[in-house]
Structure formats: structure tokens, C-alpha cells
Amino acid sequence: MQDSNLVILSNKQEYSHGNHILSRFLIWLFAGILACGIFGGLPKPVWAKPFKSARTEVQLISEVKTIQPSTPFWVGLQFKSSPGWHTYWRNPGDSGAPTRMEWTLPNGFKVGELVYPYPQRMPIGPLMNFGYKGENLLLTELTPPVNLPTQQPVTLQAKASWLVCEVECVPEEATFELTLPVTPDAPTVDATWADAFAKTRQALPQPSPWNVSFQAEQNNLVLRVNAPALKAGQIEQVSFFPYQDGVISNAAEQTVAFDDKGLTLRVAQGNQAAPDKVEGVLVVREKLDSQTTTQAFVIAAQPAETSAATSPANAQSTVNLWNTLLLALIGGIVLNLMPCVFPVLSLKALGIAQKAQQSTQQARMHGLAFTAGVLASFAAVVGVLLVLRGLGQQIGWGFQLQSPAFVLVMAYVLFAVGLNLSGVFVVGASIMGLGQGLASKSGYVGEFFTGVLATVMATPCTAPFMATAVSAALTQPAPVAIAIFLTLGLGLALPYLVISFTPAVRRYLPKPGAWMETFQQLLAFPIYGAVAWLLWVLTLQTGTDGLSVALAGLLAIAFAAWLYHKTQTSRQFWRRICWVGSISTLVLALTLTPLVENSPAPNSQVTNSGTTNPSQSGLAWQPYTTEQLERLRQSNQPVFVNFSAAWCVTCLMNERVALNQPEVISAFQQKGVALVKADWTNRDTVITEALSQFGRSGVPLYVLYPRGLDQGEPVILPQVLAPATLQDALKQVSS
């Protein structure tokens, strides 16, 4: 019996122990199911799909897993560049482009600026770029609205574009999306990306703890950092990266000197005049104990405290300004002799002939009206240039002729002027036929618009002395740039103004008579020649499609002029009907103008194989790229670069009278010179940037590189060429 009880007790104990184990298992199982139900029910962040190419892998990542209403958080665009490839900083240096991001966010979200870690200097041949190799992260701070609902996640979308370069450069872009849960609790940090964000924050430039000043000395920019604690023995390297391009010569060596007050960094100035403030990043590599630490500081250097009246730099700047204004005045005067202004000179010549029959007061008023038109037009040109420069556009003299629509409108206007001079239609009684009906006093508005037309026609040409003035103007502050352009306009109008104000000169003009009507009709033909030239330029820009649009527009203008003139002697009812018909036809011609912007550009004169047809140009030109120029120079060849455009009359004249002459062609061949053409007919940022490196803002520009990379600086030839000039320059090239 006792044994039986023991067996029963033993069985109960075993059952109780088994039941306890089962209970604990069920409890843990229930807890696991409950946890999965709670946490598995929360929305999880959905990361943007990475962009992958042979060059880069790019991904949009978030520092947090969840976000909270009104609490800022950080996201980053992560780059992983393949070996040999790199992307760019906010100021890319001599070439390249910064990364751009366009956000599409829910209502109420605020987005900060793109934040860059400090870059590294990357030499590319003679150029110096600023950017990143390997892995880097660009940060952006986002702030949700206070009333953001917490019941559902939000989706953040960003379209990113960037340039990645090795020897060649490839633009890439992608659209990324991030979906993040919204909770009422504080954001949860994502451990996956914690190290990447922490490493990037260590590389972000911090506000400078030191006072920094600058001054210009002998074409150098000198930065003075008042930091006595920085000693030569502990500082390994100091580099300056400006926010604005053109402040320094990027490829120039940056030399550092130390004294008991801190350090001085000296670097060659860029193509900009000394600004009011120099902003950028100062990167300091310092040796601490047995380690090397790199820190970056944001600096906003103010001009060094020197008397403006006694400062040598200021005095030199004043002298340079007066020299530039003098060059602008002379360049404007010489511009009257350039072929692109010749059609308008015919109109001016007709106006001068009229001055012989006017009183002194009338002649002076006409001269002032013409000058006002020129100055107003130059003011408008420099205003547009300054606005585009402020928007970051790379532009130069004659930039508007890179627009096919502008070329077509110019052709329309000149064609109408030619028809008027030919007598197809007459507006008012003035022999000029320009603006008579609008003038409050006879012919003054006509003179004003003749000045406007003179300015428009002058833009395809560059006269001697003028290139230096225009290039300087485009790098100066707005008041100085305006003064230079107005002085250039004054030079263009000055001969006409002198004749208007000098009765003794007017006495030598021919007397008016019947010959003036014949002279007027004869002067129409230079105008028609200018129209033909503009149509040729338009054909090079847009092909035969653009030419057909232009011919249709010119036909409409001719019909409108004929219709207007034919009904001048008809009854008032028919005059009004035909006047409406003429205006409608002109409107039709103008509505055709946007079509040329969409016309496909023809194949370039420089073929993909790399040369032009020698039978057409006399010389075999290769297309300009920075890579092509670098390859030719590395091959130990002398290189001649022709910066030109189809609408540049000076360029075409130089090719005809100098470049295509047999003795010049023979000299090029004997010296083994590689010929490269940078065609600026249509807008090309690479060519614009190359022009700016030589301190130029327009064409023509002729540059002769000696043989090899280390054989001296390139030679810049005059803008108006002669065969002897080219031959003398080529004699300096070793055979």
C-alpha cells in the first residue's frame, strides 16, 4: 500500500513538473505572439531603391526610422563612386557641376539647403577640381509640420542630378522615395546609417573661431588667419576652397607662412576682381600627438583694414578702371569700322546727309537721340548679362545670337528696314522711314531706334581693345560693369555725335537733292546682305527646317508691306481693312519664331570622326573638348585652338583673310600643329568656361599651345588676324 502511494505521489509530481514546463512554454509563446502582433503591426520604413551604374551607386537614406511632427530630422544622398571616378562639391572648381536636388514633399514640410562635407583638391591636367572620391554623403534637414497625422506613414520624394567624371564626364540623375512612419514619440535613430551620418558630421565645416581678413597683392589673394595657437610644426597642410568660382586661380599653388600672430595663405587671384567679402572653407590638417586630424572651418574674410585713399591695391584698381574705360571707348569707336555694323552705317550715312539741311539745334537733337538709343540698348544688354550672371549662367558678348529665335527676329527687322529703304512701303514722310509716326518731333524717335539697331547689329563683332573691356566688365561689380558698357556705347555713337555738334564738319557734307532718293534705295542692299548672312547663321543653328520657317516669315513680312503700301491711296474703309490684314500677317510671322527653337540642329561642320572637310575650310579642324585638348598636348603636339562662331563676323573675316591663306596652311603643316575649333555658334557651357579661363567673354579668341605640357604658357593671338601675325607666332613653335 505504501509502495502504491509512493507511485501515485511520484506520478503526480511528474505530472505537476510537466504541467509547469508546458505552462511556461505557453506563456512565452503567447508573449511572442503578442510582441509580434504589437511590433509587427507598426509600419516599417521603406528605403529608396538605390541607383546603380558602372560609375556610381547612389541612395537616399534617413538618419531615423520614424519621424515626429514638428521635429527636424536629417536625410542624406549617399554616393559610392567606382575607383577613378569622382563627384563634385558646391563649387566644382575649373570644371564639373555640383549635385542638385528637387524635393516633392507633403504639405507643410520644410527643406533645408544641401550640406556638403569639405572636399578634396583633384588635379585634372592643367585644371583643378573640388569634389569627392569613394564614399560620401550630402545632408539635408527636413522639418515636418506640427499637424502631421500620426496614423499613416509619409512618402518623401527627391529628384537628384549629378555629374560623375573620370577622364570623360557623365551626367546622371534618379528619383528616390523614402516612406517613413509617423509616431507621436521622439524619432528613432536607425543604427544602419548611424556611422555614415556620424562620419559625415565630422567632415562638415564648422564656424571659424578665428578672425580672418584678406587683401589683394600683386595679382595674389592673401588670407590672414589670426590664430596664434597654430604653429608651423603642428600644421601639415592648409587649403582654401572658395564658395564662388573665379575668386582664386584654382590650380595655383597655395603657400602658407606662419608667424606669432597666426598664418597667411597666399594664392593667385582668379578672373574676378577682389570682392567685398571672401567666403569659403579653410581645411586644416593638424598633427596631434601621434595622429593626424583634419578639420574644416567656414570663413567669411573681410578686407584688411587699410586706408582706401592710400591703399596700393585700391590705387592700382582705380588705374585699372580708368584703363578699362579708355579701352571701352576706343573699342566702341573702332566698332564702327567692323563689317557687322556696316549695314547700319548706311542708315547713319543717310542721316548724316540729312543733317546738311537742318539747323544746328535740330542736328544736335538728332545726334543726342541717336546716342540715347545706343546707350539705352547697351544698358539693356548689360542688365540682362548681370541678371544671367547672378543666376549662375555662363554668358558672354553676343550671347543672344546663340538663340535661333533672336537671329530670326533680327532678320525680320532688317528685312523690313530694307523694304522701307527700297520704297516698298513708307511710314510717314521721313526719308529714314523709322519711327516718324511715333515721334513728337520730326525724326527723333527714328534716330533713337536707329541707335538701338546699331547696337543690336554690333553684337556679332568684337573690335580691337574691346575684348579686354567687355571681359573685365563681366567680372566686376554691377556699377563698374554698367559704366564700362555705357562707355563702349558712347564710343560707338561718338563719331555721329561729333558730326552732329560740329557745324564746320557738316559744311563738307553733300547738298540735298534728288540723288538722296537713289542713295536711299542703294543703301537697302547692304541691309539685304545682312539678312542673307543671318539666314545662313540660322541654317547652321537649326538646319533647313529653321530656314523654311524663316523664309515663310520673310514672305509674310513682304506681303504685309506690299498690302500696307498698296492701299494708302484707297478709301478709308479699305485702308483700315488692309491695315488689319497687314498687322495680322506680321503677327503670323512672329508666331512662327518659336518654331526655330525646336528645329533640330544640323550635323556640326566638325564631324564625329574629328575633322572638317579640308575642301570646305582649307584646314582640317578637330572638335574642341577639354579631354581632346589634353590628349593632343600629352602627345607632344603644338595645338592651335580657334574659338569661333558662325554669327561672329570678325571670326569669319579672320578665317577668310588669314587662317585659310596658303602660306598659313603651309606653316601649320610644317610645324605639325593640331588644329582645334571651339564652335560657340550655339550655347556651350564647356566653351564658355574655357573662354573665361583666358579672361574672355566672347569670340574670337585664338590660342597657340607650345609643344608638350611643360614648354611654357599658351600664346594668345590678336583678335584681328593677318597672315604675318600667324606666321610670326608659329616661328616660336619648335619643329
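**Terms and values in a predicted model**

Trainee: What makes Cys-165 and Cys-169 a disulfide?

Mentor: Their sulfur atoms lie 2.0 Å apart. A disulfide is a pair of cysteine sulfur atoms within 2.5 Å, so Cys-165 and Cys-169 form one. In general, a disulfide is a covalent bond between the sulfur atoms of two cysteines. The model is predicted, so local features need pLDDT of at least 70 and side-chain atom pairs count only at pLDDT 80 or more, while totals for chains, interfaces and linings use all residues. Residues are numbered from 1 along each chain as its sequence is written, and side-chain values use heavy atoms, with hydrogens and water left out.

Trainee: How many disulfides does the whole structure hold, and what is the hand of the link of Cys-165 and Cys-169?

Mentor: The search of the whole structure finds one. The angle about the S-S bond is 115°, and the link is right-handed.

Trainee: Why is Cys-165 called buried, and why is Cys-169 called partly exposed?

Mentor: Buried means under 20% relative accessible area, exposed over 50%, and partly exposed in between, with a 1.4 Å probe and protein chains only. Cys-165 has 1% relative accessibility, so this cysteine counts as buried. Cys-169 has 36%, so the term there is partly exposed.

Trainee: Where is the kink in H12 centred?

Mentor: On Thr-542, with a kink of about 130°. The bend at a residue is the angle between axes fitted to the seven residues ending there and the seven starting there.

Trainee: How does the span of H6 compare with the expected value?

Mentor: H6 has 19 residues and reaches 27 Å from its first C-alpha to its last, close to the 27 Å expected. Of those 19 residues, 14 are buried, and H6 is mostly covered. Just after H6, Gly-423 takes a positive phi of about 90°.

Trainee: What is the angle between H6 and H12?

Mentor: Helix H6 (residues 404–422) and H12 pack at about 25°, with their axes 4 Å apart. That makes H6 roughly parallel to H12, because angles under 35 degrees count as roughly parallel, over 145 as roughly antiparallel, 65 to 115 as roughly perpendicular and the rest as oblique. Axes are lines fitted to C-alpha atoms, for helices over the stretch in contact, and angles run from 0 to 180 degrees between N-to-C directions.

Trainee: Which residues other than glycine have a positive phi?

Mentor: Among them are Ser-70, with phi near 70°, and Asn-636, with about 65°. Ser-70 sits in the loop between strand S2 (56–62) and strand S3 (73–81). Asn-636 is in the loop between helix H16 (626–634) and strand S21 (639–644).

Trainee: Why is Ser-70 called partly exposed, and why is Asn-636?

Mentor: Ser-70 has a relative accessible area of 37%, so this serine is partly exposed. Asn-636, at 41% relative accessibility, also counts as partly exposed.

How values were computed: Helices (H or I, at least four residues) and strands (E, at least two) are DSSP runs, numbered from the N terminus. The expected span of a helix is 1.5 Å times one less than its number of residues.
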